[in-house]
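Please open the model in your viewer and keep the selection tool at hand.

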Amino acid sequence: MNQQPLSLHEIPTGVRCSADYVRLASEKMDPALFAYVDGGSGPGRTADENLSAFANLGILPRPLRRVSGGHTRCTLGGRERPHPIMLAPVGSQALFHADAERASAAAAKATDTCFIASTMASLTLEEVAEVAGPDRWFQLYFQPDRQATRDIVRRAEAAGYTGLVVTVDTPIQLPSHRALAAGFVPPSDMANLRDYPKPAAQDLEPGESDILSGMMRGAPTLGDIDWLAQETTLPLWVKGILHPEDARELVMRGVSGIVVSNHGGRALDGAPASISAIAAVRAAVGERVPLMLDSGIRSGTDVFKAIAGGADAVLVGRLQAYALYVAGALGVAHMIKLLRQELEACMALSGCATLAEVRGTDLVALGAGGRAL
Ligand SMILES: Cc1cc2nc3c(=O)[nH]c(=O)nc-3n(C[C@H](O)[C@H](O)[C@H](O)COP(=O)(O)O)c2cc1C
C-alpha cells in the first residue's frame, strides 16, 4: 500500500545535517515507498556504489590558506548563482507531499536554486511554473510520438522554462528488487502526458526481441538529440552520460552541457558511480564545458568532492524527495541551506575560498593510505 504524505509545517527536531532527512524519511515513510525511492534498478548495486564511492574519497586539506571573503558563487548556463546546488528532476512528487512539485519549486525559488521540473511530475509543467522562480528548467523524456515531444517542448518554452534537460539513460527502467518485494505500485497518471496518445503496441516479427525491437524502438539516439537541438531555442543539457566519448560527441553536436549521472542507480545496474566517472568526462570535454553531476549526493562534503572531481554544479534527487516528505517546502529549503553550510564548512577546513579553488583540490582514496588519485 502506498503511504499518505505527512503534512508537517515545521522542521522536525533532530535535523542537524542534510543526511538527517534520509534517516527521518527511512523511519517515517511507508516502507514500500521508501524502498521505491531508496532502491536502484534491480538489485541496486550502482545505487550502493554511488554512496560508497563518495564515502571512500578523502580531501587533502590545505590549512593556513586565507578563506575570508570566500563564497560559493558560480556561473552556469549564463546565470550567476549563489551556490552550485540544483534540484534534480524527480517525478510523481505527490507521493511525498500533498503540495507535490509546488512545494519543492517554491523552496527552490526561496533559496535561489534552480528547479528542474520532470516530465513525470504529478503536476503539469504550467502548474509548476506558476510557483517556480525564474531559474527553472524542464526535464524532457522523448515521447514515442515526435509530435508529442515537440508539443511538450513548446509548452516548456511558453511556460518560461530557461533550460531543457533531456534524460537519455532510461529508455526502459527495471524496477528495484526492494520495491518489488515491498509491493510498491508506481503511479501511472502523468499530468504532463494526459493529452497525448498512448504508445501503440509494437508489431514484432517472429523471433524479434520484445525489448530490443519492441520497447527500445522509440528510444532516442544521437539523431534525436540533433533534431531536438534544432527544435528548441532553449539551452540543451543531456542527462545520463558516463562515457567520455559520449560526452565529447554531444559537445561536438553543440549541446550546452552534460549531466554526468547514472540516474541515482536507477538506470543500468552495474554502471560506475558518477563521482568515479567525472574525471574522465572532464578530461574529454575540457575545462570550459559545463558539467553537472548527480547520483549519491547526501552532504555538502559530497558537493565539494563532486566539484573537486570536475563538476561545476550538482543535482540532488533523493535528498529532495526525503526533505519534501519530512517537512514540505520548508524541509526542502532547509535541506538546501544545510547542504550549502556543509559545503562552506568543508571549503573552510580544506582551505578553499572559492569553487575554483575547490576544483584544484586533491582527492585521495580513504582506506588506501591516503594515496592521491
Ligand atoms: C523517486 C525518483 C524519481 C526520479 N524521477 C526522475 C525523472 O522523472 N526524470 C529524471 O530525469 N530523473 C529522475 N530521477 C533521477 C534524478 O533526477 C537523479 O538523477 C537522481 O535521483 C540522483 O541521485 P540521488 O538520488 O542519489 O541524488 C528520479 C529519482 C528518484 C529517486
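Begin by selecting Val238, which stands opposite Ile258 in E9. This is a predicted model, in which local features need pLDDT of at least 70 and side-chain atom pairs count only at pLDDT 80 or more, while totals for chains, interfaces and linings use all residues. Residues are numbered from 1 along each chain as its sequence is written.

Next, show strand E8 (residues 236-241) beside E9, and you will find the two running parallel, joined by 4 bridges; strands here are DSSP runs of at least two residues and helices (H or I) runs of at least four, numbered from the N terminus, and two strands pair if DSSP finds at least two bridges between them.

Which way do the residues of strand E9 (residues 257-260) point? Gly257 and Val259 point one way and Ile258 and Val260 the other, and all are buried (20 or more other C-beta atoms within 10 Å of the residue's own, with C-beta atoms placed from the backbone). In a regular strand the side chains alternate between the two faces of the sheet.

Now select Val259, which stands opposite Met292 in E10, and then the whole of strand E10 (residues 291-293), which pairs with E9 in the parallel sense over 3 bridges.

Finally, colour the largest nonpolar core, which has 111 residues, with Val238, Ile258 and Val260 among those having the most contacts inside it; such a core is a set of buried Ala, Val, Leu, Ile, Met, Phe, Trp, Tyr and Cys residues joined through C-beta atoms within 7 Å. Its largest share, 18 residues, comes from helix H13 (residues 318-350).

Methods: A residue is buried if 20 or more other C-beta atoms lie within 10 Å of its own, exposed if 12 or fewer, and partly exposed in between; C-beta atoms are placed from the backbone.
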